[in-house]
Amino acid sequence: MASFTSWSFKFLFMTLATFAIISKPSLAVAVPVFQSSPWAAAHATFYGDESASQTMGGACGYGDLFSNGYGTDTAALSTTLFNDGFACGTCYQIKCVDSPWCYSGVPSTTVTATNICPPNWAQDSNNGGWCNPPRAHFDMSKPAFMKIATWKAGIVPVMYRRVPCERPGGVRFSFQGNGYWLLVYVMNVGGGGDIANMWVKGSKTGWISMSHNWGASFQAFATLGGQSLSFKLTSYSTKETIIAWNVAPENWNVGSTYRTDVNFH
């Protein structure tokens with residue numbers, strides 16, 4: 001009887017252990033991945049010349065678009081799309097449609113939002129005021145526009161959709177400000193391309209919430225000199241949060257750009 005009882009307990013223990021292994025929840029965490037949006041209708045114009053020199057800078061604060069990795073495949077968004085600057089860095093696939101000015105055999109081109117196309121209330125929204133709300137409009141660099149249509153068209157109807165931003169390397173942080181105010185421009189953002197929230201952590205502080213300044217910049221009113229800096233960011237589109245540890249060394253300086261090896265999906 002004792003032998004049977006001992007065997008019964010062993011059998012019960014093995015059964016429960018097996019059940020625990022089988023039913024153990026996975027520790028893997030699903031990472032949010034930005035997905036392309038449905039196609040929608042808009043119009044596109046262009047500004048500047050073939051050199052795209054007039055597109056440098058812009059409301060997003062990316063400065064020299066060549067050295068910062070954006071090149072000439074860029075566009076200024078109407079206020080409806082610009083979303084108070086939270087759309088900075090987002091990527092759009094654009095194709096010319098229903099116009100004799102469209103290039104045949106060119107299905108689409110992809111641009112990054114780097115600027116705002118402000119309203120022009122002095123002109124009718126259908127005759128010159130192309131960026132007036134509630135119009136969805138892309139004022140593209142001339143080189144980008146010329147990939148989908150003849151520049152002589154001036155304006156063409158397009159179809160567009162948000163697409164994942166494919167960026168080489170990690171997020172970049174460009175510093176401005178002073179000893180009591182840190183202003184950071186966030187560049188080379190992958191995935192959705194956008195940032196909703198951001199925090200900074202000095203080597204002697206906890207996480208400090210940064211407020212959205214304008215465009216692609218966030219600010220913190222804090223004394224952070226002499227500390228290495230880390231950043232935590234949340235994507236506006238996917239809500240994914242990433243942490244870039246020790247981005248800047250203790251002797252960081254304003255006017256410098258610091259690169260990381262982390263990015264959104």
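This is a predicted model: local features need pLDDT of at least 70, side-chain atom pairs count only at pLDDT 80 or more; totals for chains, interfaces and linings use all residues.

Is Gln 123 buried, partly exposed or exposed? At 36% relative accessibility, Gln 123 counts as partly exposed, because buried means under 20% relative accessible area, exposed over 50%, and partly exposed in between, with a 1.4 Å probe and protein chains only. Residues are numbered from 1 along each chain as its sequence is written, and side-chain values use heavy atoms, with hydrogens and water left out.

Gln 123 lies in the loop between β4 and β5, the latter being residues 137–141. Helices (H or I, at least four residues) and strands (E, at least two) are DSSP runs, numbered from the N terminus. Leaving aside residues up to four places away in sequence, Gln 123 touches Gly 128, Gly 129 and Asn 132; contact means heavy atoms within 4.5 Å. Its side chain also makes a polar contact with the side chain of Asn 120, at 2.9 Å. A polar contact is a pair of N or O atoms within 3.5 Å; within protein, one must be able to donate a hydrogen and the other to accept it, and residues adjacent in sequence count only if both atoms are side-chain atoms.

Let me turn to the overall fold. The protein has three helices and 14 strands, and buried residues make up 45% of its 265 residues. Among contacts between residues at least 6 apart in sequence, 69% join residues at least 24 apart.

Six strands form a closed barrel in the order β1-β5-β2-β4-β3-β6, with mixed pairing. Two strands pair if DSSP finds at least two bridges between them.

Which residues touch the most other members of the largest nonpolar core? They are Tyr 92, Ile 94, Phe 138 and Met 140, in a core of 32 residues. The elements giving two or more residues to this core are β1 (40–47), β2 (74–78), α2 (79–82), β3, β4, β5, α3 (142–145) and β6 (156–163). A nonpolar core is a set of buried Ala, Val, Leu, Ile, Met, Phe, Trp, Tyr and Cys residues joined through side-chain atoms within 4.5 Å. A second, separate core of 25 residues includes Phe 175, Ala 220, Ala 222 and Ala 248.

Next, the hairpins. Strands β9 (residues 195–202) and β10 (residues 207–214) run antiparallel and are joined by four bridges, with Val 200 opposite Ile 208 in β10. The hairpin between β9 and β10 passes through four residues. β10 then pairs with β11 (residues 217–220) in the antiparallel sense over three bridges, and Ser 211 has Gln 219 in β11 as its bridge partner. Two residues separate β10 and β11 in their hairpin, where Gly 215 in the turn has a positive phi of about 60 degrees.

Finally, consider Asn 68, in the loop between β1 and β2. Asn 68 is buried, with a relative accessible area of 14%. Asn 68 and Asn 188 are 120 residues apart in sequence, yet 7.6 Å apart in space, C-alpha to C-alpha.
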